[in-house]
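Please look through the sequence and the structure shown below, and keep them in view while you read this briefing. The notes that follow are grouped by topic.

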Amino acid sequence: MRTRLMATALLAALSLGAAPTSVGAGASAAAGARPGGGPCTSGHQQARSFTIDVDGEPADGIVALPRRAPRGIVVFAHGYGHTSASWRHHAERTAEEHGVIALAMDYRGTEIIPPAERGDLPSSRGWQVSEGAEDSIAAARWFERRCRTVEQIVVYGVSMGGNTSGLAAAAGATRHDGTPLFDHWVAIEPAVNVIEIYQGARILAASGNEFAANAAEDIERQMGGTFEEVPDAYLERTVVARAADIAASGIRGVVLVHGIDDGLVPTNQSREMQAAMRAVGVPTELYTVVTRGPDSEAGSTMTGAILGATGAYESPFAGHASETSTTHTVGVTGFAVLDRLLRGEEVGCGEHVVDGLTGIEASVPGPC
């Protein structure tokens, strides 16, 4: 019953999204992010397109560079239906406020769909989480090798980007000196159990939901077949099953943020990820956002999908945030976490409950 209810809301808002196409070829395009300068700094924080080589294929993305020698790197991983364009504003703000390199990749193999109207963001088709993880690692390493003032590297994923960023964290990638590539993984409403996402999409697809059918098809294309045909491929890309690999990577901490009424990625996925990470001894914090604030849009909610088919019901609880949003309580909470990490705070093992209506955040320390 829970799986069917999850499926009812699962893809009600999967189409969140957006991204810019990239230009240039090879590493020179990344250096070109600052015309006349190097790859580490820029006189302004406007995000630029760049391309690097990954396994002999071009991988495109955007990057915003700081004005001074970068203190760190933040790699943003986009969700289903989005591209790196969804992260342009966030990358520019992060680079400006924290003096870091902020980048987002368009995963190789993803179909980029041009915007229907001028000013809109492009969207995409594909669940290319393995390619996205590889591209994110390659980009982080490219800049880290060239910008030796970098100390901290954070990988930050939203929705399907939680699948992507989780696989990147599990890969065991290293810096030029052999130390762990990523210090922290921040996962916002993350799809860390792709098997559950896939099964929910199949249920909806069987009832004639075209969007769900597309999502199931995209996941099957990434995996190389159905779950029954290639179960190991699904398990390999299910992040909750990769906790030991994330721990072995040397990551220092994990932070999860999830809306309690998420209608796209069930909130239990973050709870499962928290338990898995604590079991392997990685400091992990979970932020559960209960109600949304007065300036927050609703997002996609489970109760809204079930009760609001006619549009007469709008949930007061926090749903699934669009990654383009600057006001949704879940997204705002995630960026507040990122800001604290970039200011040097470490991850503990606490439970946090965020109430958007009152602005109250209640925290309970937990054992590590």
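Predicted model: local features only at pLDDT ≥ 70, side-chain atom pairs only at ≥ 80, totals over all residues.

**Burial, cores and ring pairs**

Histidine 98 is found in helix α3, which covers residues 88-98.

*Histidine 98*

- With a relative accessibility of 10%, histidine 98 counts as buried, because buried means under 20% relative accessible area.
- If its neighbours within four places in sequence are left aside, histidine 98 is in contact with Arg71, Asp339, Leu342 and Arg343.

*Nonpolar cores*

- In soluble globular proteins, nonpolar side chains tend to be buried together.
- The largest nonpolar core has 64 residues, and the members that touch the most other members are Leu103, Phe182 and Trp185.
- Helix α4, which covers residues 129-146, gives this core its largest share, namely eight residues.
- When residues up to four places away in sequence are not counted, leucine 103 touches Phe50, Ile62, Val63, Ile73, Val74, Val75, Phe76, Ala139 and Phe143.

*Aromatic pairs*

- A search of the whole structure finds 12 aromatic pairs.
- One of them joins tryptophan 87 and tyrosine 156 in an edge-to-face arrangement, with 6.1 Å from centre to centre and 75° between the planes.
- Tryptophan 87 lies in the loop between β3 (72-77) and α3, whereas tyrosine 156 lies in strand β7 (residues 152-158), so this pair ties together parts that are 69 residues apart in sequence.
- Tryptophan 87 and tyrosine 156 are both buried.
- In the pair of tyrosine 198 and tyrosine 234, the ring centres are 5.0 Å apart and the planes meet at 50°, so the pair counts as tilted.
- This pair also links distant parts of the chain, since tyrosine 198 is in helix α6 (residues 194-206) and tyrosine 234 is in helix α8 (residues 231-236), 36 residues apart.
- Tyrosine 198 counts as buried because its relative accessibility is 0%, and tyrosine 234 is likewise buried, with a relative accessible area of 0%.

*A ring cluster and a charge over a ring*

- Ring pairs link Phe76, Trp87, Tyr156 and Phe335 into a cluster.
- Arginine 146 lies over the face of tryptophan 142, at 3.9 Å from the ring centre.

Methods: Residues numbered from 1 in each chain as written. Heavy atoms only, no water. Core = buried A, V, L, I, M, F, W, Y, C linked by side-chain atoms within 4.5 Å. Buried < 20%, exposed > 50% of the residue type's maximum accessible area, 1.4 Å probe, protein only. Helix = DSSP H or I, 4+ residues; strand = E, 2+ residues; numbered from the N terminus. Contact = heavy atoms within 4.5 Å. Phe/Tyr/Trp six-rings, centres within 6.5 Å; stacked < 30°, edge-to-face > 60°. Lys NZ or Arg CZ within 6 Å of the ring centre and 35° of its normal.
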